[in-house]
Amino acid sequence: MRPYVLITGASSGIGKAIAIKLSQNYNIILHGRNQSRLQQVRELCFEGDHIIWEKELGEVDNIEDNLASFIKANNIMIEYYVHSAGIMKMLPLKAQKIESIQEVFNINVYSAMLITKTLSSKKLNGGMLKSIVFISSNISQRGAKAFQVYAASKGALDSFMRSMAIELAPKIRVNSILPGAIYTDMTHHIFEDINFTTKMATNYPLGLGNPDNIADGVVFLLSDQAKWITGQQLVIDGGRTTDISE
Amino acid sequence: MEEYFKQMAELLEVDSVNTNDELNSFEAWDSLTILSIIAFVNDSYAVTLNANEIKEARTIGGLKKVIDSKKK
């Protein structure tokens, strides 16, 4: 029987690409906020027993109960988890408010912590979880104007990843993927500026990437090909953060 | 209007602002402040502005007029 993989943020962008690619070999639990968009993604997936989990991850208080009920109601065990849900707001620090900071951390960090807790529970998920991949960002290791809260959230996610890799070993492997800028619904407003996009393209030694480039990394990290890899950050950014030539 | 002045003063990093104040006369006037104004206007008035519209509004009062004209 094909194992179940939970993919948060599966209705668009990187999460959608991951869902479609993984559906060749896994049953997908498509998570998102919008039922109809999730159904559209399900139709694009390869044939399988794919299920939709509709949940607003910004509401963190009931994530554990909601996910536990979902697992029970569907009578499934989840063996793999990919956290692709995330929000990014380009905002200078002086324009940040506690609500905007909290929203980013709820979705990018706290929900990942609570889902990991639920899925690694023997009681709630039968001790079946084998591997986790968090979709982080290459900005987790760098800096940029107006990205401070987003960068901090991805840095927190990566720190959480490393400690969980140790806490959950040897049964569960935990890794992160750090993408560079990818054109998605979340980032389209940045790419609309033609000058910015042209500059970006020249900053990427391998050119601009697409969601499939990230999905390929997820396939690898979840697979047995990566069975001795845990606690690692895999940067997939076309060489962007390696280049110091000018 | 009072809340608008208060928020603009905060983003421009001064105690208070007036209708006729030129936007580019503030010491804090830069691309990050423009980005902050775009976010503030979007959140508070559900109006989407671009950087050029803000620059062309010239003054604190002029910007408010642009916002009001774009409100649905």
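**Close-up views of a predicted two-chain model**

A:Ala146 has a relative accessible area of 5% and is therefore buried (buried is under 20% relative accessible area, exposed is over 50%, and partly exposed lies in between, with a 1.4 Å probe and protein chains only). The model is predicted, with local features needing pLDDT of at least 70, side-chain atom pairs counting only at pLDDT 80 or more, and totals for chains, interfaces and linings using all residues; side-chain values use heavy atoms, with hydrogens and water left out. Residues are numbered from 1 along each chain as its sequence is written, while chains are lettered from A and ligands numbered from 1 in the order in which they are written.

View 1. A:Ala146 is placed in the loop between β5 and α6 of chain A. Although A:Ala146 is not a glycine, its phi is positive, about 70°. A:Asn75, also not a glycine, has a positive phi of about 55°. The loop that holds A:Asn75 runs between α3 and β4 of chain A. With a relative accessibility of 71%, A:Asn75 counts as exposed. The peptide bond between A:Ala169 and A:Pro170 is cis, with omega about 0°. A:Pro170 sits in the loop between α6 and β6 (173–179) of chain A. Helices (H or I, at least four residues) and strands (E, at least two) are DSSP runs, numbered from the N terminus.

View 2. Helix α4 of chain A covers residues 98–119, which is 22 residues. From first C-alpha to last, α4(A) reaches 29 Å, close to the 32 Å expected at 1.5 Å a residue (the expected span is 1.5 Å times one less than the number of residues). A kink of about 50° is centred on A:Asn106; the bend at a residue is the angle between axes fitted to the seven residues ending there and the seven starting there.

**View 3. The largest nonpolar core.** This core has 36 residues, of which A:Tyr81, A:Ile115, A:Leu119, A:Phe134 and A:Val174 touch the most other members. A nonpolar core is a set of buried Ala, Val, Leu, Ile, Met, Phe, Trp, Tyr and Cys residues joined through side-chain atoms within 4.5 Å. Elements of chain A that each supply at least two residues of the core include β1 (4–8), β3 (51–54), α3 (63–74), β4 (78–83) and β5 (131–135). Helix α4(A) gives the largest share, eight residues. Leaving out residues up to four places away in sequence, A:Ile115 touches A:Leu6, A:Thr8, A:Trp53, A:Leu57, A:Ile63, A:Leu67, A:Tyr81 and A:His83 (contact means heavy atoms within 4.5 Å). Another core, of 26 residues, lies apart from it; among its members are A:Ile7, A:Val41, A:Ile52 and A:Ile135.

View 4. Rings of Phe, Tyr and Trp (its six-membered ring) pair if their centres lie within 6.5 Å; planes under 30 degrees apart count as stacked, over 60 as edge-to-face and the rest as tilted. The ring centres of A:Tyr81 and A:Phe134 are 6.1 Å apart with the planes at 85°, so this pair is edge-to-face. A:Tyr81 belongs to strand β4 and A:Phe134 to strand β5 of chain A, so the pair ties together parts 53 residues apart in sequence. Both A:Tyr81 and A:Phe134 are buried. B:Tyr4 and B:Phe40 make a stacked pair, at 6.4 Å centre to centre and 25° between the planes. Because B:Tyr4 lies in helix α1 (residues 2–11) and B:Phe40 in helix α2 of chain B, the pair ties together parts 36 residues apart in sequence. B:Tyr4 counts as buried at 1% relative accessibility, and B:Phe40 counts as buried at 9%. One aromatic cluster is formed by B:Tyr4, B:Phe5, B:Phe40 and B:Tyr45.

View 5. Helix α2(B) has 15 residues and spans 21 Å from first C-alpha to last, close to the 21 Å expected at 1.5 Å a residue. Its buried residues are B:Thr33, B:Ile34, B:Ser36, B:Ile37, B:Ala39, B:Phe40, B:Val41 and B:Tyr45. Their cover includes α1, α3 and α4 of chain B. B:Thr48 is in the loop between α2 and α3 (51–57) of chain B, and at 58% relative accessibility B:Thr48 counts as exposed. Not counting residues up to four places away in sequence, B:Thr48 touches B:Asn42, B:Glu53 and B:Lys70.
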